[in-house]
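Here is an explanation that goes through the structure in paragraphs.

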Amino acid sequence: MKLNYRIAIFAVAIIFGIFFSVPSLFQTQDGKKVNLGLDLQGGLHMLLGVKTQEATKSRIKSIAAGIKHFSERKDILLDALSFDENSVNFSLLDIDDLKSIQEYLVEIEGLDVTLSGENISLALTQEEILKTEKLAIDQAIETIRNRLDQFGLAEPVVARQGEEKILVQLAGIKTQEEEQRARELISRAAKLELMAVDEDRVARVYSMSNADAAAYGDIILDDAENAEIKYLVREIPILDGGMLTDASVGFDQNNRPVINFKLNAEGAEIFGDFTGRSVGKRLAIVLDGKVYSAPNINERIGGGSGQISGNYTVTGAKDLAIALRSGALLAPIYLMEKRSVGPSLGADSIKASMIALVGGFVLVIIFMMVYYKLAGIVANIALIANLFIILAVMSLFGATLTLPGMAGIVLTVGMAVDANVIISERIRELIYEGVSIHKAIEDGYANAMRAILDANITTLIAAVVLYAYGTGAIKGFAITISIGILASMLTAILGTHGIYQMLESKIQKSKNNRLWFGIKG
Amino acid sequence: MEFFKYTRTFNFMGRSKLAIILSIVLVLSSFVLLATKGLNYGVDFAGGTIVQIKYDTTAPIDDMREKLKTNPIFEGSSISEFGSSDEVVIRMKTTSGDVTVDIGDITRETLKGTGNYEVRRVDIVGPKVGDELREKGIMSLLLAMVGILIYVAFRFEWRFAVASIFALIHDISIALGAISLVGLDVNLDVLAALLTILGYSLNDTIIVFDRIREGVTNSRNTELSETINESITRTLARTTLTSLTTFFVVFTLFMFGGEIIHAFAFTLLVGVVVGTYSSIFVASPILLWFGFDVKNYHNKLAQKAKREAEKERMRAQYESGVM
């Protein structure tokens with residue numbers, strides 16, 4: 001027996017493979033493990049889009065609200081303050097106020113101001129629109145991540161995919177109820193608005209159309225619990241949830257869960273000003289376009305805190321508080337792709353692919369042993385080492401094992417065997433030609449090497465393309481194939497060569513080619 | 001054991017005409033199938049919705065149909081068995097973009113009273129995503145081929161590269177034809193299988209080409225068809241062995257892998273058979289017909305060797321300071 005550098009590297013590779021695959025194999029507490037894909041462990045995969053044009057709309061709306069608040073503070077009289085999809089329009093009753101309103105408008109970024117006499121028209125610049133849309137996506141990712149982090153599932157994945165898609169992956173969702181809760185939490189706009197009830201006209205709300213309301217600068221909103229009840233409120237809100245600093249679950253006097261919220265200093269000031277001015281009127285607390293309550297304002301409310309009461313369960317209130325705390329979505333999100341796999345299906349898939357993997361593996365191993373005798377065993381050692389190394393590398397990188405990934409491993413087994421078949425056939429050929437064992441082994445490897453390398457590299461090219469262009473599960477396939485090919489070069493080529501070199505003198509002494517290579521003579 | 005030891009050189013190229021006729025017939029009928037029957041794009045590429053349901057006992061499909069008719073959401077949906085009689089999938093062309101309203105829940109509600117069941121999988125692929133996946137799919141097939149073409153042309157010679165690409169197109173076409181014939185749903189997994197065929201078939205072709213390259217380089221025989229016959233014969237043991245082991249593996253996947261991997265395994269099964277055949281009977285004859293000139297190749301090799309020798313001499317001179 002003679003040690004050589006090949007066998008040394010091979011031994012190191014085997015130790016590496018076993019050491020780092022132990023955490024995955026035995027699911028130990030510590031150490032990096034292979035992640036099971038959603039198709040294998042069950043879970044929810046969603047690709048979400050953002051309706052970015054809505055973000056621009058709400059930006060316009062908040063500019064309008066700002067102007068309204070500013071003019072009320074400065075006692076500037078405005079006429080016909082209105083807004084549509086892309087612009088805010090109003091006119092000044094007193095042209096002398098132009099200077100102070102202009103000073104205010106200059107502070108707002110990305111605004112195109114058009115003046116014609118006392119009429120002022122505001123629109124967002126193209127650049128600002130793009131910025132707003134980008135912000136909406138960034139903010140949606142951030143918000144969804146915040147919400148899911150507080151939801152209590154292990155390692156939720158929230159990531160940007162491409163320019164404007166959001167990938168959400170929730171492993172370990174076990175029940176339908178849990179999935180429903182998660183989806184509601186993610187998609188909830190959580191847009192809190194405090195709005196003034198239009199007390200002059202609210203009595204006529206049931207006979208008004210949306211267009212009638214719009215003509216007065218009002219909108220009609222439904223009650224959250226009973227859609228029959230309607231409110232007429234001023235379209236431009238007093239303030240919105242952007243000024244919220246905290247939201248938590250509390251209980252009212254009837255011990256029903258409510259949500260207490262706090263406003264920041266600016267919000268508290270606006271809120272105080274408004275309530276001071278509107279004693280005797282009602283304030284509508286609006287969440288996602290529905291009126292949750294409309295209490296009477298009895299006095300000026302300072303301090304900037306308020307309460308949302310509704311018909312909540314404790315879980316519902318908790319989820320809503322999470323959503324409010326994480327901030328509103330600037331724009332609504334919609335579903336582009338959803339894949340949800342129940343845990344039992346995942347378990348079935350693991351079982352089926354394990355049967356296929358083990359079955360195929362055992363068949364190949366037996367076949368190699370029968371056909372090549374000891375040479376087959378050498379190949380089989382390489383094959384088993386290969387599996388360990390694949391698992392180890394995947395564990396180290398925290399890669400995800402998917403169902404196609406399992407298929408990739410099965411396929412790698414086939415390809416790794418191929419390398420050893422090619423080598424063994426070459427060695428047999430050379431032995432038939434009557435060369436020495438040493439020369440047969442060395443030339444056999446040299447001759448086989450070119451073909452194996454070329455074949456592996458071309459497959460690797462295909463795998464890399466698959467990785468670059470594939471999504472989700474397919475990426476998993478490309479990963480296992482790539483790792484498998486690289487590992488097989490180490491085990492099936494280098495490793496087996498090392499074993500032969502180590503055993504060379506034994507093989508020569510035994511002169512039993514039948515035992516060693518499965519051939520006569 | 002040496003079942004697959006071949007001592008006599010087979011005249012593969014003598015049979016190549018027959019093989020080519022067979023190939024042309026197969027490829028053409030695949031094209032006809034693709035043009036007439038077409039491919040059955042699954043949700044991944046066409047967009048749509050899939051709900052997979054497993055019952056405790058045999059799924060009451062007729063009952064289910066009746067129930068689904070009561071909800072307009074399910075208009076135009078189809079129900080079919082999935083793998084076994086107690087598991088079914090409901091397919092719809094429509095998708096909903098609403099995050100909070102779940103088709104799985106709606107299905108569960110609608111099917112109430114049809115027995116004990118569990119909704120095991122809900123796949124919704126919006127039209128935009130479907131289009132994108134299809135684009136990326138075609139792109140990945142083409143890119144992989146171009147990458148391979150460049151590599152093989154660089155390592156061998158352009159005629160080898162073109163011949164291997166022809167073999168690949170041959171294999172992919174026939175595999176697609178077979179998929180169309182049995183009416184499999186074409187989803188991402190089938191794409192992965194096609195790319196695997198690409199790799200596998202190429203693997204086979206390259207092993208044979210490597211021998212041909214070796215034969216051409218080493219032997220004085222300038223008759224290419226003889227060299228090809230010899231090379232194929234010498235790799236035949238390996239070809240049979242590897243094809244058989246791969247076939248075993250894929251076959252177990254096909255038999256025991258379950259319904260969800262069925263399309264993948266079927267595609268591979270076809271690919272393994274066709275890929276092995278094409279490396280012998282498609283790629284090699286094309287090499288012959290493209291007029292790969294052995295003498296010319298020898299000359300090129302000789303010139304290359306001469307250049308190398310010249311370089312070597314220069315270096316030796318330089319190192320000994322004669323320059």
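How many residues of chain B are in contact with chain A? In this predicted model, 59 residues of chain B are in contact with 63 residues of chain A, contact meaning that the C-beta atoms of two residues, placed from the backbone, lie within 7 Å. Local features need pLDDT of at least 70 and side-chain atom pairs count only at pLDDT 80 or more, while totals for chains, interfaces and linings use all residues. Residues are numbered from 1 along each chain as its sequence is written, with chains lettered from A and ligands numbered from 1 in the order in which they are written.

On the side of chain B that touches chain A, at least two residues each come from α4 (103–110), β5 (117–125), α5 (127–155), α7 (188–218) and α8 (224–256) of chain B. Helices (H or I, at least four residues) and strands (E, at least two) are DSSP runs, numbered from the N terminus. α5(B) gives the largest share, 13 residues. By class, this side of chain B has 30 nonpolar, 15 polar and 14 charged residues. Ala, Val, Leu, Ile, Met, Phe, Trp, Tyr, Cys and Pro count as nonpolar, Asp, Glu, Lys and Arg as charged, and the others, Gly among them, as polar.

β5(B) also pairs with a strand of chain A: β18 (residues 333–341) of chain A is joined to β5(B) by 5 bridges, and the two run antiparallel. Strands pair if DSSP finds at least two bridges between them. A:Ser340 stands opposite B:Val122 in β5(B).

Chain A is assigned domain 1 (5–41 + 342–517), domain 2 (43–189 + 326–340) and domain 3 (191–313), with bounds from an automatic or database domain assignment. The centres of domain 1 and domain 2 of chain A, taken over C-alpha atoms, are separated by 53 Å. Their contact takes 4 residues from domain 1 of chain A and 6 residues from domain 2 of chain A.
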